[in-house]
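Reader: I am new to this structure. Could you take me through it, one feature at a time?

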Amino acid sequence: MFHLKQSSQSIGAMVLATSRVTRLMRPSIAVSSRSLCTPASGPPKEVQENISEETLNKISGFAKSFEKQSQLAEPKEVEQNYTFASLLRNSKLMDLGDPVGKVVIGKIFHVVEDDLYIDFGWKFHCVCTRPSVRGEEYVRGARVRIQIKDLELSSRFLGSSTDLTLLEADCKLLGVISSPIRAAVSEK
Amino acid sequence: MKMISNCLRQRSLLTTQILSRFNSTAIEPATTPVTEDQVAKTKPLDHPDYFRVHNLFTVKDLFDARVHYGHKEGSLNDFMRPYLYGSRLGHLIFDLDITAEHLRKALNFTAHVAYRGGIICFFNRNALNAHLVEKTALESGEYAHTRFWRGGIFTNANHQFGAVTRLPDLCIFLNTQNNILNQHTAVRDSAKMLIPTIGIVDTNCNPNLITYPVPGNDDTPSAIELYCNLFKAAILRGKEERMKFLQDNN
């Protein structure tokens, strides 16, 4: 992703750079339609690369840069050795910044009557009550938007030497994004 | 070439044995012949990683399973400081390189214990993951104890079970805490009964009594699932080697 930004000289590159193509994203999500047709298997890819190398010599201008950028969008992560420091630096936790007040997407993994247990990629889950609006859609597997108030409910009480944790995060439920119930309804 | 070196090693062991026996009060001479199966038995212990447990996981797997997340700074146990990478806005982060090192040692030990036919007992007091731990123990052919721990199960076993009992040869704690305030009694009891322990220690846990502590997250189900899979794989590898060894010799 970073070398894309350095080489951005043309329109194609700018489109790709703004779409924030990360190492973890699949090539189908990248903007260029050429990469959507890219097969995942080995030999056809090599053939396509060879062909595009030849065509690079023949084409020019926008077409040339389009080819170049669509090749660069394909992640070449066959056997890359990640260091922990680089993984942490590029992780979502660092992207979050100060977690208080940020909106994240979570998934409901357990429901107990009116309590929804939502996992949003952190160490702990959060527990929210089922809202009255569109309440039936909040089932196991539904994706929801939540606003983080506190990542871990822990505080030191008077007289104790260490904090007392509740092993839970504290979040406010904003709304539902997708739900298995809704998907079933729309299919009908 | 290997046979000669093994023989030489055995010879040197014999000579050191004779020398050390000058201090002992032993009566019988120390002339034990080196047999074929003795050479084969010492082979697994000579390797630093006989069961190749380092292939079971990568640092990226640990990262994706959220093993590096710790609690807040307020609940940090002082003894966990060497295992930390740092703190992010009050939330502690484990150094996964150190964790990987410890985890490899723990898995290697588990595989060796399984190879020698030892009983392994899994412990977990977190209700969220109890079923997963029990299932892992069942699938690996070992034992688990995820319920309330009566006081004298290890220390007063003969009395509590009525008969002479064989205690576990290895205790694996996927969660060393009983509840937020107390450590699991079995950690202390295993140390009393000289049972080696492996424990996943979080930032609020005390790693002192545990033989092979593995600093990491013990609250997220994905992390516990990863540990369960790794330990199960190590145990199954050890048992497979044991079956192979027994078949070769019979």
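Author: Gladly. This is a predicted model. Start with a helix pair in chain B. From helix 5 of chain B, Leu132(B), Val133(B), Thr136(B) and Glu139(B) make contact with helix 8 of chain B. On the helix 8 side, the partners are Pro221(B), Ile224(B), Glu225(B), Cys228(B), Lys232(B) and Leu236(B).

Reader: What kinds of residue make up the contact of helix 5 of chain B with helix 8 of chain B?

Author: Six are nonpolar, one is polar and three are charged.

Reader: At what angle do the axes of helix 5 and helix 8 of chain B cross?

Author: At roughly 10°, and the axes come within 10 Å. An angle under 35 degrees counts as roughly parallel, so helix 5 of chain B is roughly parallel to helix 8 of chain B. Helix 5 covers residues 130-139, and helix 8 covers residues 221-249.

Reader: How many helices and strands does chain B have?

Author: Eight helices and eight strands. Of its 250 residues, 46% count as buried. Look at contacts in chain B between residues at least 6 apart in sequence: 66% of them join residues at least 24 apart.

Reader: How should I read a nonpolar core?

Author: Here is the general idea. Nonpolar side chains tend to be buried together in soluble globular proteins. Now the case here. The largest nonpolar core has 64 residues. Those with the most contacts inside it are Ile118(A), Phe120(A), Ile146(A), Phe122(B), Leu174(B) and Phe231(B).

Reader: Which residues does Phe231(B) touch?

Author: Setting aside residues up to four places away in sequence, Phe231(B) touches Leu103(B), Leu107(B), Thr110(B), Phe122(B), Ile172(B), Leu174(B), Ile198(B) and Ile200(B).

Reader: Is Thr99(B) buried or exposed?

Author: Thr99(B) has 0% relative accessibility, so it counts as buried. Thr99(B) sits in helix 4 of chain B, residues 96-115. Beyond its neighbours within four places in sequence, Thr99(B) contacts Leu62(B), Val67(B), Phe94(B), Val214(B) and Pro215(B).

Reader: Which residues of helix 7 of chain B are buried?

Author: Ala186(B), Val187(B), Asp189(B) and Ser190(B) are buried in helix 7, which spans residues 185-192. The cover over the buried residues of helix 7 of chain B includes strand 4, strand 6 and strand 7 of chain B. Just after helix 7 of chain B, Leu194(B) has a positive phi of about 60°.

Reader: Now chain A. How many bridges join strand 1 of chain A to strand 2 of chain A?

Author: Five, and the two strands run antiparallel. Ile108(A) has Ile118(A) as its bridge partner in strand 2 of chain A. Strand 1 and strand 2 of chain A form a hairpin with two residues between them. In the turn, Glu113(A) has a positive phi of about 50°.

Reader: In what sense do strand 1 and strand 4 of chain A pair?

Author: In the antiparallel sense, over five bridges. Val104(A) is bridged to Ile146(A) in strand 4 of chain A.

Reader: Where is Gly121(A) found?

Author: In the loop between strand 2 and strand 3 of chain A. Gly121(A) has a relative accessible area of 30%, so it is partly exposed. Leaving out residues up to four places away in sequence, Gly121(A) touches Arg66(B) and Tyr69(B). Its C-alpha atom is 45 Å from that of Ser60(A), 61 residues apart along the chain.

Definitions and conventions
Residues are numbered from 1 along each chain as its sequence is written. Chains are lettered from A and ligands numbered from 1 in the order in which they are written. This is a predicted model: local features need pLDDT of at least 70, side-chain atom pairs count only at pLDDT 80 or more; totals for chains, interfaces and linings use all residues. Side-chain values use heavy atoms; hydrogens and water are left out. Two strands pair if DSSP finds at least two bridges between them. Helices (H or I, at least four residues) and strands (E, at least two) are DSSP runs, numbered from the N terminus. Axes are lines fitted to C-alpha atoms, for helices over the stretch in contact, and angles run from 0 to 180 degrees between N-to-C directions. Angles under 35 degrees count as roughly parallel, over 145 as roughly antiparallel, 65 to 115 as roughly perpendicular and the rest as oblique. Contact means heavy atoms within 4.5 Å. Ala, Val, Leu, Ile, Met, Phe, Trp, Tyr, Cys and Pro count as nonpolar, Asp, Glu, Lys and Arg as charged, and the others, Gly among them, as polar. Buried means under 20% relative accessible area, exposed over 50%, partly exposed in between (1.4 Å probe, protein chains only). A nonpolar core is a set of buried Ala, Val, Leu, Ile, Met, Phe, Trp, Tyr and Cys residues joined through side-chain atoms within 4.5 Å.
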